[in-house]
Amino acid sequence: MSTQTEGRFGKTMVPGETSVCVIGLGYIGLPTASVLATKGFHVYGMDVRADVVDTINEGRIHIEEPDLDMVVRSAVNSGQLRAGYEPQAADIFILCVPTPHRPDHSPDLSYVEQAAKAIRPFVQPGNLIILESTSPPRTTEDIVVPLAVPDGMKVGEDVFVAHCPERVLPGRILLEVVQNDRVVGGVTNNCTEKAQAFYETFVTGKVLGTNALAAEVTKLVENSYRDVNIAFANELSILTDRLGIDVWEVIELANRHPRVNILSPGPGVGGHCISVDPWFLVHADPDHTPLIRTAREVNDKKPQYVIEHVAELAKQFASPKIGCLGITYKADVDDIRESPSLDIVRGLRAANVGEVLTCDPYISSARFNEFELFDLEDVIEKSHILVLLTDHRHFKKVPRKVLQEKVVVDTRGVWR
Ligand code: SAJ
């Protein structure tokens, strides 16, 4: 960071002299808080869950993410990171709370509202307030500003408010939180510049400035772009099935064209980001987002296609045993939110097409009790049909000889 910027924004931008209050210690808040603590900021994290707060204060973590346990332990042991149930005064507030959608796909902004209201009594002149949660257009200006900024303080002069959407990929969070380029959109130019100066203290990628609305939409566009591309691949997977050709081969060949880059089909699209965020754009302007809506619908229908396909194959066995491999939403994470793999297992169990045996090396029975989980070896040995749903590294190692003895449904193309 340049001396000029330090001079301009005073002590706020010197980590050792700056305090940060992170609201929400989940997949984004906890890695961000611990990275900032490691950089020398005085970090206080707030979460409404008592178990989360206690776990972190013991130097442990409540989520699965490579290397996060080490970083949190060292941040807590060094005294740079503490957690609690209420916000507290700080130079910088970062809101990292969930932004889910309701059953009708409208955004549920209650967590952002609660967080903004909660920090309001602690906000002082000179503070910077950042919304990192992925949010529908105008959330920063229409919700965060009115609820978080105390009466009488002018945004851009007394307090500074910006949206800086998180862009990290689960499984690579600690790397990406530092290395990714960041988009920072302030409510005013001063807000943008102040937030940029903050991110430049710990981000090695470029920190790109814009306004709050453009930053909100940019984030939603990134995830919608990926959803549309995956929907195209999922549609192709059904079309090629019906034509009797291999979708993976077709995509591999098409991607040899210098201007074609199709993503991979799968059992559907899950997680709390790509399967949710495009709806925020659709909700903002339903009449002008038919493609984004259709992509969501195509991806949401894919699990049902897999269920019907497996049910058809099961008819050849008198007492079919169906082995389902993986329930998390993607490879090598422990996250089952919006998981199409889990939806498929549930659907097969509900359809009564045979005995369903499920395994997932990332999910322990202590944490998941909806149905019994077995060891991979057990599932392989006992099943007539093996359905690969999540491409965990453990499943890639299943010997081809074993697979030759089974009916195989490989939704991810890892056993080709
Ligand atoms: N998937 C496919 N085919 C593919 C790629 C992914 O079926 O070719 C599926 C995955 O299996 C999974 C879902 O899509 O079910 C989403 O997985 P993902 O790895 O694409 O993305 P997320 O949800 O884990 O993280 C995304 C990332 N966004 C983009 O890559 C544009 C991440 O950078 C964001 O920070 C994150 O959303 C977020 O928090 O918004």
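## Domains and helix packing

The domain assignment of the protein gives two parts, domain 1 with residues 15–205 and domain 2 with residues 221–410. What is described here is a predicted model. In this model the C-alpha centres of domain 1 and domain 2 lie 33 Å apart, and the two domains are in contact through 17 residues of domain 1 and 16 residues of domain 2.

The size of an interface is often given as the accessible area lost when the parts come together. For domain 1 and domain 2 the area buried between them is about 1,400 Å², and 62% of it is on carbon and sulfur atoms. On the side of domain 1, the residues that lose the most area to domain 2 are Y27, H101 and H105, which together account for 34% of what that side buries.

| Helix pair | Axis distance | Crossing angle |
|---|---|---|
| α9 (residues 212–243) and α12 (residues 290–314) | 8 Å | about 45 degrees |
| α5 (residues 110–119) and α6 (residues 139–148) | within 7 Å | roughly 35 degrees |
| α11 (residues 277–284) and α12 | within 9 Å | roughly 140 degrees |

Helices α9 and α12 pack at an angle of about 45 degrees, and because of this angle α9 counts as oblique to α12. The crossing in which α9 passes α12 is left-handed. On α9 the contact is made by residues including S224, D227, V228, I230 and A231, and on α12 by residues including L291, I292, A295 and R296. Sorted by class, the residues of this contact of α9 with α12 are nine nonpolar, four polar and five charged.

Helix α12 also takes part in a pair with α11, where the axes cross at roughly 140 degrees, so α11 is oblique to α12. The crossing of α11 and α12 is left-handed. In this pair P278, W279, L281 and V282 of α11 meet I292, R293, R296 and D300 of α12, and by class the contact of α11 with α12 has five nonpolar, no polar and three charged residues.

Which hand does the crossing of α5 and α6 have? The crossing of α5 and α6 is right-handed. Here V112, E113, A116, K117 and I119 in α5 meet T139, I143, V144, L147 and A148 in α6, and the contact of α5 with α6 is made up of seven nonpolar, one polar and two charged residues.

Definitions and conventions
Residues are numbered from 1 along each chain as its sequence is written. This is a predicted model: local features need pLDDT of at least 70, side-chain atom pairs count only at pLDDT 80 or more; totals for chains, interfaces and linings use all residues. Side-chain values use heavy atoms; hydrogens and water are left out. Axes are lines fitted to C-alpha atoms, for helices over the stretch in contact, and angles run from 0 to 180 degrees between N-to-C directions. Helices (H or I, at least four residues) and strands (E, at least two) are DSSP runs, numbered from the N terminus. Angles under 35 degrees count as roughly parallel, over 145 as roughly antiparallel, 65 to 115 as roughly perpendicular and the rest as oblique. A crossing is left-handed if the near helix is turned anticlockwise from the far one by less than a right angle, and right-handed if clockwise. Contact means heavy atoms within 4.5 Å. Ala, Val, Leu, Ile, Met, Phe, Trp, Tyr, Cys and Pro count as nonpolar, Asp, Glu, Lys and Arg as charged, and the others, Gly among them, as polar. Domain bounds come from an automatic or database domain assignment. Buried area is the accessible area (1.4 Å probe) that two parts lose on being put together, summed over both.
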